[in-house]
Amino acid sequence: MSENLNPFTIAQAQLDEAAAVLQLDPDMHAFLREPMREYHFTIPVKMDDGHTRTFRGFRVQYNDACGPAKGGVRFHPDETIDTVRALAAWMTWKTAVADVPLGGGKGGVICNPRELSQGELERLSRGYMRVIARNIGPTRDVPAPDVNTNPQIMAWMLDEYETIVGRHEPGVITGKPLILGGSAGRSPATALGGLFTVREAAKLLGIELRGATCAIQGYGNVGSFAHKLAEEMFGVKVVAVSDEFGGVYNADGLSAAAMFDQMRRAGRVPGFADAEPISNSDLLELPVDVLIPAAIEHQLTGQNAANIKARIVAELANGPTTPEADAIMYDKGIYIIPDFLCNSGGVTVSYFEMVQNSYQFYWDETMVHKRLDEKMTIAFHAVARMAESKGVNTRVAAYLVAVNRVAEAVRMRGWV
Ligand code: NAD
């Protein structure tokens, strides 16, 4: 039978498993299984040819017991409310495991940004903010960039919000351009945060990272920074990388600088000189110390999990592993750093951005990354300790840490 890959069903099933281990009160469990609030709306946009096109948008505030909801806005033709719900749930667990005083949210618009002119994209971004402005804010819900949205779109949304409320309010949105109150060190934050957790996992497993081998699937913001930083900061030998067009492999290691040059010239990984081609599926099955899925969801499945040979799988992508693959890989003794722990460096630095906005005083990149290291290291060990003490795998352990924290906040507020 094929696996049920509805993302919200998966998110709920993962919570159910954690709730069973925690023997969570059934009333609390029922409350945490559903989003607290969701907004479904239309966004009318004047198109360049003079007609008005109506887009559908969503914002889900899954849970804000620990602080304002936090999560990106995606622009995607296949966006669904269940995807947004699932991602908002994962943001709730992510901010909780990262131990930042925020809740979880997510937004989306059904659209294909590649078919929009810059002017149409700006009007859509401002339209999204116009509809949702009354329901968000620095102390309520703070959006950020996500799939197909970027600092420019955040700048338009910020400007629209500030026009509506009539004052500067940089903390309403993160991932802003630096000139408008963005944080230094945000671009590499997700990859760097993940590598701090890889460093800690390697220590636990007695793996020497210097010279260890690594394969990275996905060469966008996260994958390319993971390559550069793994090589520069940790002396890791990255032997294979890929993107949607295919991959390359060299047992002696691929230079990040040369690969960045390739991306600048060709805009894609295949064609890189001094390496053999490798398919995405073969890359995942390489006998490396560290495998980093940094592309899209559902890459490690019931079909290929038995062939995965990496010792550590660091899930920088969201949802790269299906539940069936999870069970197989844990059985094989693979150390998985689950996505909402591994890639929480991005939201941690977004939280730093909000902190800096609130006191209008900005840190340099060294300070941002030092504080990121502290937060990621603490978060990793909270999960590792939980896995050890409860005898559960690291994904369940991450849920236990996160659900415990959110449930405590809900209980202290007297909601359940
Ligand atoms: P991106 O769009 O910059 O890059 C995605 C990369 O994946 C591209 O190189 C693309 O070619 C590649 N790709 C797409 N489909 C593929 C396929 N079928 N096989 C192999 N490669 C494929 O995105 P990003 O910001 O680097 O994000 C990557 C992952 O990390 C996503 O799952 C995202 O949700 C997650 N993530 C990103 C951040 C962040 O701060 N950017 C934070 C948390 C999680």
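Which residues line the largest cavity? Before you select them, a word on the model: it is predicted, so local features need pLDDT of at least 70 and side-chain atom pairs count only at pLDDT 80 or more, while totals for chains, interfaces and linings use all residues. Residues are numbered from 1 along each chain as its sequence is written, and side-chain values use heavy atoms, with hydrogens and water left out.

**Stop 1: the cavity**

Select Leu 195, Val 198, Leu 209, Cys 214, Ala 230, Phe 234, Val 236, Val 290 and Ile 292, and you have the lining of the largest cavity. A cavity here is a set of points, on a 1 Å grid over the protein atoms alone, where a 1.4 Å probe fits but cannot get out; a pocket is an open set with protein on both sides within 12 Å along at least five of seven lines, and lining residues have an atom within 4 Å of a point. The count comes to one cavity of 30 Å³ or more, and about 50 Å³ of space lies in the largest. Volume means the space filled by probe spheres set on the points, which are joined across faces, edges and corners.

Now colour α6 (189-205), α7 (221-234) and β10 (290-293): each gives at least two residues to this lining. Helices (H or I, at least four residues) and strands (E, at least two) are DSSP runs, numbered from the N terminus. By class, the lining has nine nonpolar, no polar and no charged residues.

**Stop 2**

**Stop 3**

Move on to the second largest pocket, with about 210 Å³ of space. Its lining includes Leu 204, Tyr 330, Ile 336, Glu 388 and Thr 394. Both β12 (335-337) and α13 (365-390) supply at least two of the lining residues, and α13 has the largest share, at three. The classes here are eight nonpolar, three polar and one charged.

Key
Ala, Val, Leu, Ile, Met, Phe, Trp, Tyr, Cys and Pro count as nonpolar, Asp, Glu, Lys and Arg as charged, and the others, Gly among them, as polar.
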